[in-house]
Amino acid sequence: MSGEPRLLSRRTVLTTLGAVPVLTVAASVLGAAEAEAAAANINPSAPRQAIRGFGGMAHAAWIGDLTAAQRDTAFGAGEGRLGFSVLRIPVGENQSDWSRDLATAKRAVELGATVIASPWNPPASMIETFTRGSQTNAKRLRYNAYGAYAQHLNDFATYMRNNGVNLYGISVQNEPDYAADWTWWTSAEIVRFLRENAGSISTRVIAPESFQYVKSMSDPILNDPTALANVDIIGAHLYGTSYANFPYPLFKQKGAGKELWMTEVYYPNSSDSGDLWPQALDVGEHIHHAMVDAEFQAYIWWTIRRSYGPMREDGQISKRGAMMAHFARFVRPGYVRIDATANPASNVFVSAYRGGDTVVIVAVNKNTSSVSQQFTLANTSASGSVANWLTDANRNVAPQSALSMTNGSLTVTLPARSAMTFVTSVSGTASPSPSPSLSPSPTSSPAPGAGTAPRVTYTMNTWNSGFTASISITNTGTSTINGWTLGFTLPAGQSITSGWNAAFSPASGQVSARNVSYNGTLASGATVDLGFQATHTGNTAEPTAFTLNGIPCTVA
């Protein structure tokens, strides 16, 4: 359903498919007086899914590129920023078009974001037309071009990598089941491509990106071991998808080691302003259900700058954007969603996340009156300051006076029709690891470093005085690693300024990167991603050797 030319037709399509109406706003159930909700119980030691991030689409050919200032607003994480940590870009049919989104992608990477890419069409030379219902000029990829198409995707990934953007993943096809204006794929065709060709693609593979999370598009992948082995991310769009269809039991059953991403949506529509209030609260509820019910690891908007999007055409953050920022700015890549009472009162939605000793709580109150809400953190007596931010009719992610937690308990007033994010620190609780559905479950617990030489990939994205380094560690042994430290020597003149998914020390010279609380277990065959941002004085060489728990690594 992506594509500017057809935005106004989508509501008709959704109605035809029997989807829930997208303009409905939940009715308020409370009167003018403040109501008291049941306690929202949060368990920092009960992990669910690891979070890869929140973000949006950039499509310069259709919508125009973001300006330099808009890129910083989108991917910066400070006050007045969206905090996006994922960027999605198109894969152009022609190599001459591949540079269109490069500037935005490079800046997103500099600010620590992950970049993925999706194609709408293969090169014209690989396409044939056929009759599909009443459409006489429907397009599909010729079977004898499957290998060439895999190379096309690989070439795009190589082009981006050579220009400073290491793609996290690339899709087989954008919305293969809603393709009157682009290329159709059946689920059987996707499975065949995954089985026979996707293994040659050098980055993570995403499929099927169904426009409405149609499970009949992704079930065949999960049910085919060979196809499943060659896909890394099950991607879905949520246009008109009812909340009842958000859970995916088959993925939980068969998706071990794979990721689950929501790669495109706008909500609730593309006809209203992104500043319409209180309708923008629907976006906060939608993200809540995407995280809690669907257990997605990423949430990506179509598109970043649009009248109905998170950023207005003038570059200012909209109310819908504020809803996204309540998650994106504070729930950073590598955080883990943890158990929380999801709906402590009617029209009150709560989710919680943990990264190290930091706990983030996001609460959306859609009622017309304020709600007194208690949050209790299990297995901790933590006390101290709680930072918090508020969006209501008059404020956008506005910092508020610090609150106080006592013995793991916090009671706050959620203003009428508002969203709030709370950030606090806890200690003395067991640290969570991602849900077993995200990586193979450990079967044993040998001493750290057991097994054969671990494999490390190290990718730099440099600019005039700085760079980011993305590191992947793969356990190639047969035993689980419980606790890891990666050792390497930074070349002269390089100094780390910040990092993610590991604790780096010291900032220069012989560096040790130690696991953080939620990613210390590395099962056989599993991979952990980490990285850092650094400065340099002209020397952009890479480390020449790595050790994991003292064992020399193979560098890929």
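Student: Which residue in β30 stands opposite Gly 499?

Tutor: Heads-up: this is a predicted model, where local features need pLDDT of at least 70, side-chain atom pairs count only at pLDDT 80 or more, and totals for chains, interfaces and linings use all residues. Residues are numbered from 1 along each chain as its sequence is written, and side-chain values use heavy atoms, with hydrogens and water left out. Strands are DSSP runs of E with at least two residues, helices are runs of H or I with at least four, and both are numbered from the N terminus. In β30, the residue facing Gly 499 is Phe 532.

Student: Over how many bridges do β26 and β30 pair?

Tutor: Two strands pair if DSSP finds at least two bridges between them. β30 covers residues 527-535, and its pairing with β26 is antiparallel. The bridge count for β26 and β30 is five.

Student: Which strands stand at the edges of the sheet?

Tutor: The sheet is open and mixed, with five strands in the order β26-β30-β23-β22-β33. An edge strand has a single partner, so one of its sides is left without a neighbour in the sheet.

Student: At what angle do α10 and α11 pack?

Tutor: Axes are lines fitted to C-alpha atoms over the stretch in contact, and angles run from 0 to 180 degrees between N-to-C directions. For α10 (residues 281-292) and α11 (residues 319-328), the axes are 7 Å apart. The angle between α10 and α11 is about 35°.

Student: How do the residues of that α10 and α11 contact divide?

Tutor: Contact means heavy atoms within 4.5 Å, and α10 brings Leu 281, Val 283, Gly 284, Ile 287 and His 288 against Arg 320, Met 323, Met 324 and Phe 327 of α11. Ala, Val, Leu, Ile, Met, Phe, Trp, Tyr, Cys and Pro count as nonpolar, Asp, Glu, Lys and Arg as charged, and the others, Gly among them, as polar. The tally for α10 with α11 is six nonpolar, two polar and one charged.

Student: What volume does the largest cavity have?

Tutor: A cavity is a set of points on a 1 Å grid, over the protein atoms alone, where a 1.4 Å probe fits but cannot get out. Points are joined across faces, edges and corners, and the volume is the space filled by probe spheres set on them. The structure holds one cavity of 30 Å³ or more. The largest cavity's volume is about 60 Å³.

Student: What is omega between Ala 207 and Pro 208?

Tutor: Pro 208 lies in β9 (residues 204-210). The bond joining Ala 207 and Pro 208 is a cis peptide, with omega about 0°.

How values were computed: 1 Å grid on protein atoms, 1.4 Å probe; cavity = no way out; pocket = protein on both sides within 12 Å on 5 of 7 lines; lining within 4 Å.
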